[in-house]
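User: I'm new to this one. Can you walk me through a few parts of it?

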Amino acid sequence: MNRVLSFEEAKGQDRFMLGGKGFGLVEMTSIGLPVPPGFTITTDVCKEYYRGGGNVPSGLLHEVRQKVEEVERRTGRKFGGTPNPLLFSVRSGAPYSMPGMMDTILNLGLSDEAADWLAGHSENPRFVYDSFRRLVQMFGKVAIGVDGELFERELEERRRRAGVKMDIELSAEELREVAQKFKEIIRTRSGREFPQDPHVQLEMSIEAVLQSWNNPRAKEYRRYYGIGDDLGTAVNVQTMVFGNLGDNSGSGVGFTRNPSTGERDLFGEYLPDSQGGDVVSGARTPVSLSVVEPAIHQRLLELTRTLESHFRDMQDFEFTVEKGTLYLLQTRNGKRTPQAAVKIAVDMVEEGLVRPEEAVSRVEPEMLDALLHRRLDPGPADKPLAKGLNASPGAASGKVVFDTDEAAEIGKSEKIILVRPETTPEDIKGMIAAQGVLTVRGGMTSHAAVVARGMGKPAIVGCGDVEISQDGMSFVTRGGEKVAEGDVITIDGTSGNVFRGEVKTIEPEPSPEFWRLLQIADRFKRLGVWANADTPEAAAKALGFGAEGIGLCRTERMFNAPDRLPIVREMIMSKDSEERKRHLYRLSPFQLSDFTGIFSEMRERPVVIRLLDLPLHEFLPPVDELLLEIEKMKEDGASADEIQATEAVLARVRQLSEHNPMLGHRGCRLAVTYPEIYEMQTKAILRAAVEVSRKTGKDPTVKIMIPLVAHVGEFGFLRNVIEKAAAEVLHELGTKMPFQVGTMIETPRAALTAGDIALQSDFFSFGTNDLTQTTFGFSRDDVEAKFIPKYIETGILDRSPFDSVDVAGVGKLVKMAVEQGRKTNPRLEVGICGEHGGDPRSIALFHEAGLDYVSCSSFRVPIARLAAAQAAVAKSSVTTA
């Protein structure tokens, strides 16, 4: 296939071959829109350029010269010749829009001789020298590599000497002198001359654009947006039209709809007597398209309708007006805010422009996140103090509080931000009271991150820019700024930025189109979308976002409430099974109340309740805290009995402490040792279900889940405990209540032996956070802060496996477990309740693996609904292709 194609020849090629800009030019040419003629060098050339070690592919420049000759014949002009020379622009064009990341050069073909000849035979010599100085400036910066700031300084000095503020006010002679000075800068800084041969200019410009694919800003942009480094850029060579010919000329940028709101109005800006990037440079103030000359405005409206009708999406287009005639230089699918993306997608369905499944695929699921949380609206004076991991989106302001107990108290009457080295389950009351959470340590799936997302509260974790003082009364940033307890800060969980003082925020209000889009999405998705919720309030929030069930109700959160923790600690300190049972059954009324509230809220929808998972020592004070307390008791003259009691707690903490608690005495292992814990919980669950059933006449859908099973023997032992407890309580209540018993799959061994476990289990739920840790051998709170960023930077990983499921490893285990489990138990229900349940990339894998549902935090339910629909639409498209 030819590597260089005219806009007419390239019809039928896709944007991966032509790049987005080239594709747009080819399509506009094919439907008769006013596009200056030109040609596209395909992305294959860029790939070949880098495979060849940065050498222009053999024969390419000959093909380029042939296309230049074709354009010369069409236009009747000679490239760089006189009179009336043909000039070109050279622009990049990647398959995915990367605005401003790569390079452009305008006015190629001008030389000293051509410029002087044109100026002497033109009614507008200023235009000629303005175009020439632009070429020398852009070429020097882009193709030769001279620091662009040197040209800007020279322009600034020339304006100062001329007593003017803008380039447009410089005379023709002054611009001629500027061009000559620019050439001198090139010579002295690079040792090279500005090339007078137009073909040399073109060849060097083409290579500069190819090189710009791998410039630092382009690479960083691709990394941020997940664009592949192997796609390459096309190069577009196009006949120049001129917006800098006077007041009847100009350049502009337009959108076929408002990119901020999505409204169906022509939106954009126009700058008279300008060229290229002048509109977006900020050097001059453009005018709104709504106030341009009526004839131009009417022509733009006509073009807007044509562009949308053909491309069937909102378009961002660039245009030039040359002596009253309008030309289109580019069009692409326009960047838009989340609000606009949703509105445009829904409106285009109602207008009959796109099919419903296309609309579903047009909105990035993560965009919905921005519509559900408070957002910051920072002003120019709001500079970040520090930056951490953006763990839970949204924004919050409040007084800094470091102590959990103080946070719980102060938070009753004032807005606070809880600042901790890291959080533990004991910090739950402080987190409830706080507007948001900032931690020095921890990763994106750390306790603070997971809990804050479940609450819909903003959180920044792993903020290494902050160091908390030894007295715990202040923190100091890397920049040396001190923030004391009681000072007000603002955290932005969307960006990870921390600000001093209160920054203005915007209250989110999901639009009617937001809910309409989700209704459309639900028509296509196969996966159910459930939520992780531990309280009736959280369950209600989940239902409001469209959750179809609760996929994870964590019972250990219930144990941490202030009125329960003392009882839990007495249970842990028990000397034998009978004493332990006595304290456990003091907790039973609390658990009964918790479950009754959740079942009442969910009615007949499924509720998966995970039995106690945490190791017992996490409910006790830390060793350091106890040592300080004992020391203080001795200093204060406390009684021997009081000191002895605290020392007993210390001894128990040391006895229970483990080197690696995540792999230690927790989950089902704890229950095998102390089965009375699951016995009490099972009875409370079923008592609550019966109570709700009798009150409403409808049976709750009860699913009891055993955590951390790695061996079928563990599951069988604990299923017997649960069924025995269930039989006892239901006999006592004189009724029946259906329930299921299942397990979490969160260790590689459980996945590998899923067929055996499924023989006894009613359902599986993948705990992908722990499954990722145990598969990689990672400790998530450590690795995300310490070396995952380096792994991503060096290309070892393309993203954190705690953000999106590792397809090759963890994903393979998921698929294997589903397949083996359903071989031995065809009726096995399978879901996922880790944080990956709200990640669009992971949801696509879960759809493919055949899961029945995903479960995620309430605020990610809309994201999961849309992602599930997109996975189904994508699968359907592949199947029917």
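Analyst: One term to begin with: buried means under 20% relative accessible area, exposed means over 50%, and partly exposed lies in between (1.4 Å probe, protein chains only). This is a predicted model, where local features need pLDDT of at least 70 and side-chain atom pairs count only at pLDDT 80 or more, while totals for chains, interfaces and linings use all residues. Residues are numbered from 1 along each chain as its sequence is written, and side-chain values use heavy atoms, with hydrogens and water left out.

User: Okay. Is Asn107 buried or exposed?

Analyst: Asn107 is buried, with a relative accessible area of 0%. Asn107 is found in strand E4 (residues 104-108). Helices (H or I, at least four residues) and strands (E, at least two) are DSSP runs, numbered from the N terminus.

User: What is the phi of Asn107?

Analyst: Near 70°, a positive value in a residue other than glycine. Most residues other than glycine have a negative phi.

User: And what about the phi of Lys323?

Analyst: Lys323 is not a glycine, yet its phi is positive, about 50°. Lys323 sits in the loop between strand E9 (315-322) and strand E10 (325-333). Its relative accessible area is 58%, so Lys323 is exposed.

User: Which residues of H7 are buried?

Analyst: Ala172, Leu175, Val178, Ala179, Phe182, Lys183, Ile185 and Ile186. Seen down the axis of H7, these buried residues fall within an arc of 155°, so they line one face of the helix. The arc is that of the directions from the helix axis to the C-beta atoms.

User: What covers them?

Analyst: The cover includes helix H4 (112-120), helix H5 (125-144) and helix H6 (148-162). Contact here means heavy atoms within 4.5 Å.

User: What comes at the two ends of H7?

Analyst: Ser171 lies in the loop between H6 and H7. Ser171 is partly exposed, at 32% relative accessibility. Ser171 and Asp130 are 41 residues apart in sequence, but 9.1 Å apart in space, C-alpha to C-alpha. Just after H7, Gly191 takes a positive phi of about 75°.

User: Now H23. Which of its residues are buried?

Analyst: Leu626, Ile630 and Met633. Viewed down the axis of H23, the buried residues fall within an arc of 65°, so they line one face. They pack against helix H24 (640-656).

User: Which exposed residues are on the face turned away from the buried side?

Analyst: In H23 that face carries Asp624, Leu628 and Glu635.

User: How far apart are the ends of H23?

Analyst: The end C-alpha atoms of H23 (residues 623-635) are 19 Å apart. Its 13 residues should span 18 Å, so the two values agree. After H23 comes Gly637, whose phi is positive, near 75°.

User: On to strands. How many residues of E24 are buried?

Analyst: Five of the five residues of E24 (residues 528-532) are buried, so the strand is largely enclosed by the rest of the structure. Gly528, Trp530 and Asn532 point one way, and Val529 and Ala531 point the other way.

User: Which strands are joined to E24?

Analyst: Strand E31 (residues 853-857) runs parallel to E24 and is joined to it by five bridges. Strand E25 (residues 550-554) is also parallel to E24, with two bridges. Two strands pair if DSSP finds at least two bridges between them. Asn532 has Ser857 as its bridge partner in E31, and Asn532 stands opposite Leu552 in E25.

User: Last one. Where is Val807?

Analyst: Val807 is in helix H33 (residues 807-824). At 52% relative accessibility, Val807 counts as exposed. Not counting residues up to four places away in sequence, Val807 touches Lys812 and Leu845. Val807 and Leu845 are 38 residues apart in sequence and 7.5 Å apart in space, C-alpha to C-alpha.

Technical notes: Expected span 1.5 Å × (residues − 1).
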